[in-house]
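This briefing is meant to be read beside the sequence and the model.

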Amino acid sequence: METREFEFREGTSDKFWRITLDGSSFSVNFGKRGTAGQTQSKDFASPDAARTAYDKLIREKTGKGYVEVAGSTAVASTPPPAAKPKRKPEPQSEPEPEPAPPPAPPPAPVTRPALDLAPEDWAWATWRPRTVTPRPPAPKFSKEDGLKRLKRALGQQYWATSWDNANLPAAMTCEEAHFWLAAISATHVHWLRDVPNGPQTWYHQVEIEDVTKELALLDLASPFSVDDAVALLSRSNLPTAILLPLYHLFSWSDFLLILNRLPKVNGGNVPVTDNVFRRTMYGHLSDAEMDSLRAAIRLWLPEVEFVQSQCNWVLLLAAQLGGFGPELKAYLDHFPDPVHYLRQEQTVNFIFGLDSPADVITYARRKRLLLVHPQAIIPWLAHTELSELHAVADSLTEVVKTDATGGVKAFLKVLHSREAVPAVFHLFQFNFAALANEWFAAHPRETFLGLIPMLQHPGKDAAKRAQELLLLAARALDPAERDAAYANLPDPLRRKLENADNPTTAVADAIPDGLAEAFSFASKQKLKSPAWITAASLPPLLTADGRLPEDYVNLLLATLKTADPRVPHPFVLAARCYVTPDSLDAFVTALFEQWRSLGMESREKWAMFALGAVGSDRAALHLAPFIRNWPGESKSQAAMLGLDVLRNIGTDTAILQINAIAQKTKFAALKKRAQECMEEVAQDRGLSRDELEDRIVPDCGLDARGTRTFDFGPRQFELRIGEGLKPVVVAPDGSRKPNLPPANSKDDAAKAAAATDEWKIIKKQVADVAKTQVTRLEQALVTQRRWTAADFERLLVQHPLMTNLVRLLVWGVYENGKLAATFRVAEDRTYTTAHDDVFELPEDAIIGLPHPLQIADADKNAWGELLADYEILPPFVQLTRAVQYLSEKEQLGAQIKRHTDVALEPVVFGSVLQSKGWMRGQVGDGGSVVEHVKYFPSADLTAVLQHSYMVIGYVDIGEKTSPEALYFIPGYFKGSWGDVDRGLRILLREVDDVILSEVLTDLDYLASKEKK
């Protein structure tokens, strides 16, 4: 067996290719360095044919630039078979068996430097010893290619030019040198006129087109003298990139002569990020040339004047040559501490031209240099190596993510050391989880060894994330090395890691056929898995036979990432069929939490949509509190998407969460969208909004008696619903507790843990029901909602939770819209009168909550005494509710004008009305609203409250909103922007007394909020 390994590293490519020859076959392993890659095998008719193909492939790879890794060849040859004897051998004693040959050593690991910088990158640190390398041969040049590269170098503004983008070669033909000399000079002259005391001329696209036309007509073979060069270059203060073509057109003495004759004043248009000299000349000039250039610069520096808003080619060249530390410090001292962000790039070359790492660090801190862009990060590393990585990580997390992404990629690309782990982990925690995870995956050994010291002193959240990353990386390590690292940890932490490293649930022996088929289908689609999270960092997905293998889980992540959340992928549907709901909920909830804790990156919002794809009640209850709070954290868009996720979950519990937000939230836009969602869900189910709300109340697994048992093994605890719809736990000894007790040593640990998890979910569900249903029932009284007898008994009386609220209220039977009788629901779910007599509910009865205006005084007194005797406390005021009446003048008209002198802040005005069930009308000119509406379904009319302008989303200081008029129109009305046709208004004497009382009470409540 023979193995050879090769690498290819050029530009953004960083690949390996490994081939193993074994008799008449070989296998090829290839991919991105730091990954497992892909493996392919091929068989041949004979070993010779395999050898021929093997050698041919190696020649092809080396021809494409692949370089063999030193020591990669590993040969374990099988001894050739003994030659057939010509005669029968003489009998001999049986020889001692020879020991088996040792196994072939594994291929040597690919070694990478801890800090993988290119030679030109190390040249930023001019204090390091310089290695002179021969200049390569000059490539062929065509003017067409030169014009294309010129356009790549030009930015949209003159300061955005980068001559590095022109890819100027270190060696040039005379024609190419002539071209770039003219191109660089002409471009800068067009950008910035050197007019004494005149204005600067800004970049203009037409002028650049003129430059390209001139260059297209340029005769590159024409003679070019020293005087010609001086005349051409004296027109503008030019970048140091001009030195490269000059060097190839003239002798060294003429080169210095031309530079000596050029003006040394500031022209203002030198690109401060010009590194062509450092990349193409610094490593190729002889020591004598470097010394003579330094000597010339020392003569020129006195001519340079400091101008803070401008740069100078002499100073830039001094910084790139090195040896001018005092002069650069003097220049830097002219800039303020810290330097303005617009001058950051201007100081980069000069700070990194200083003569020692200590000076670089000192001035970078003084100027508060942001190490965000690659042109600042790479030189910083060239000077400080691995000692100041935290400065880069801190800078990258201080700026807007879009501004830092390029710098993060450049930073991570050159790091291959355990010392880098704290800095990468910092990026992992602040918005760059995906990129950091890619680094961790490519550097498992460095990650493991770098995280070990961090586990003992980080914060709580950081410790959890660091442990997850460490366990992932540990799988790629040799067990002996891993155990040795664990041995140095404190015992509690060591045991925790060792236990976590050994999953308690075994991988399933058999995968259900339907799930296996869906996996095969999805595998062929070559879906891309997310880089920032893996199966091992999430709770296991469990089937009836055990946990799913990692390849199944990673594929599920890939399908969740790429599939439309509204149209589940077949593999997602299969997972919902065969994976236990509890483990799916735990899985997607942990996925969502990791996404949320890492900054809620918009392009990874699929992690929230995954809750809707495979989550159920637990996922809905987990998500809902975040939706309520996100608008206050400037995450309104996420909150709106969260409502869609709850709709996708689709369970009654999930819809109940939407309804709770639709009823009560201080964020108007979120409340409106939640109300729209409820209308859409109701329409999808063929129900009215009220009918839907009746049907989405969860029963929380309670039995007909309203109880549920939690099993701890030897002990059982019973859930009962207490006063105020609060769940109570009844212990075996009859004692009542607000929560389940912790498990003890005699309990079944697994059962106790499962019971405790269920208890937390049910407690949350009951609390949600208590909040939303009390509000719903009060609004049912206000709007005069009605139920059929069948719906009343099925949805309210027999419901194990709702019955606890229903029996606290007085109910009424209505005939032809009038109250005919009152009754209540007893604890045994029978019906009684105010005198505690049995009440028979007619099968065709229409039932509602009677308003005190509808109940006779004698009946109200009787009900008050009965409820007091039974110590029943209603969830809201019913019998003693305040009532309001119209004045004689108001009875003659169609509108009410009360409290028009009240002036409230718009936010207060709107929130008070919304808390009473009013909705704002249409948004009109400038985002303003001029009315709120409230619909009364029993009377099929809408109350409209007109008020002064209220601008949504913006409020001037001192702006107030006041009521103007209240009137009623027939039917359901969503509101408008402006006055409604008076012909539509209903005379107030024709409006039901209960409705009038309630809207007048709302007006009084609104007025009470004015600060006196």
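Which residues does Ser583 touch, not counting residues up to four places away in sequence? Ser583 touches Pro540, Leu541 and Leu542, where contact means heavy atoms within 4.5 Å. The model is predicted, so local features need pLDDT of at least 70 and side-chain atom pairs count only at pLDDT 80 or more, whereas totals for chains, interfaces and linings use all residues. Residues are numbered from 1 along each chain as its sequence is written, and side-chain values use heavy atoms, with hydrogens and water left out.

- Ser583 lies in helix α27, helices (H or I, at least four residues) and strands (E, at least two) being DSSP runs numbered from the N terminus.
- With a relative accessible area of 7%, Ser583 is buried; buried means under 20% relative accessible area, exposed over 50%, and partly exposed in between, with a 1.4 Å probe and protein chains only.
- Ser583 and Leu541 are 42 residues apart in sequence, yet their C-alpha atoms are 5.4 Å apart in space.
- The side chain of Ser583 reaches the backbone nitrogen of Leu542 at 3.2 Å, and a polar contact of 2.7 Å joins the side chains of Ser583 and Thr580.
- A polar contact is a pair of N or O atoms within 3.5 Å; within protein, one must be able to donate a hydrogen and the other to accept it, and residues adjacent in sequence count only if both atoms are side-chain atoms.

**Surroundings of Gln878**

- Gln878 is found in the loop between α37 (857-869) and β18 (895-896), and Gln878 is buried, with a relative accessible area of 3%.
- Leaving aside neighbours within four places in sequence, Gln878 is in contact with Leu781, Leu809, Val810, Leu849, Pro850 and Pro852.
- For one of these, Pro850, the backbone oxygen lies 3.3 Å from a polar atom of the side chain of Gln878.

**Helices and their buried residues**

- In helix α28 (residues 606-614), nine of the nine residues are buried, so this helix is largely enclosed by the rest of the structure.
- The buried residues of α28 pack against α25 (550-562), α26 (570-578), α27 (581-597), α29 (617-629) and α30 (636-649).
- In helix α8 (residues 252-261), the buried residues include Trp252, Phe255, Leu256, Ile258 and Leu259. They cover an arc of only 160° around the axis, which puts them on the same side of α8; the arc is that of the directions from the helix axis to the C-beta atoms.
- Among the elements that cover the buried residues of α8 are α6 (226-233), α7 (243-249), α10 (287-300) and α11 (313-321).

**Nonpolar cores**

- Of the 239 residues in the largest nonpolar core, Phe411, Phe792 and Trp811 touch the most other members. Helix α34 (residues 749-783) gives the most to this core, with 11 residues.
- A nonpolar core is a set of buried Ala, Val, Leu, Ile, Met, Phe, Trp, Tyr and Cys residues joined through side-chain atoms within 4.5 Å.
- Not counting residues up to four places away in sequence, Phe792 touches Trp787, Val797, Val806, Trp811, Phe823, Val825, Tyr831, Leu841 and Ile847.
- A second, separate core of 26 residues includes Leu886, Val902, Leu913 and Leu1003.

**An antiparallel sheet**

- Five strands form an open sheet with antiparallel pairing, in the order β13-β17-β14-β15-β16, and two strands pair if DSSP finds at least two bridges between them.
- At the edges stand β13 (787-788) and β16 (831-832), each with a single partner strand, so one side of each is left without a neighbour in the sheet.
- Strand β15 (residues 818-825) pairs with β16 in the antiparallel sense over two bridges, and the bridge partner of Arg824 in β16 is Thr832.

**Cysteines**

- A disulfide is a pair of cysteine sulfur atoms within 2.5 Å, and by this rule the count comes to zero.
- Cys577 is exposed, with a relative accessible area of 62%, whereas Cys677 counts as buried at 0% relative accessibility.

**Positive phi outside glycine**

- Arg368, in the loop between α14 (357-366) and α15 (374-384), has a positive phi near 50° although this residue is not a glycine; Arg368 is exposed, with a relative accessible area of 59%.
- His899, in the loop between β18 and α38 (906-915), is not a glycine and has a positive phi of about 60°; His899 is partly exposed, with a relative accessible area of 26%.
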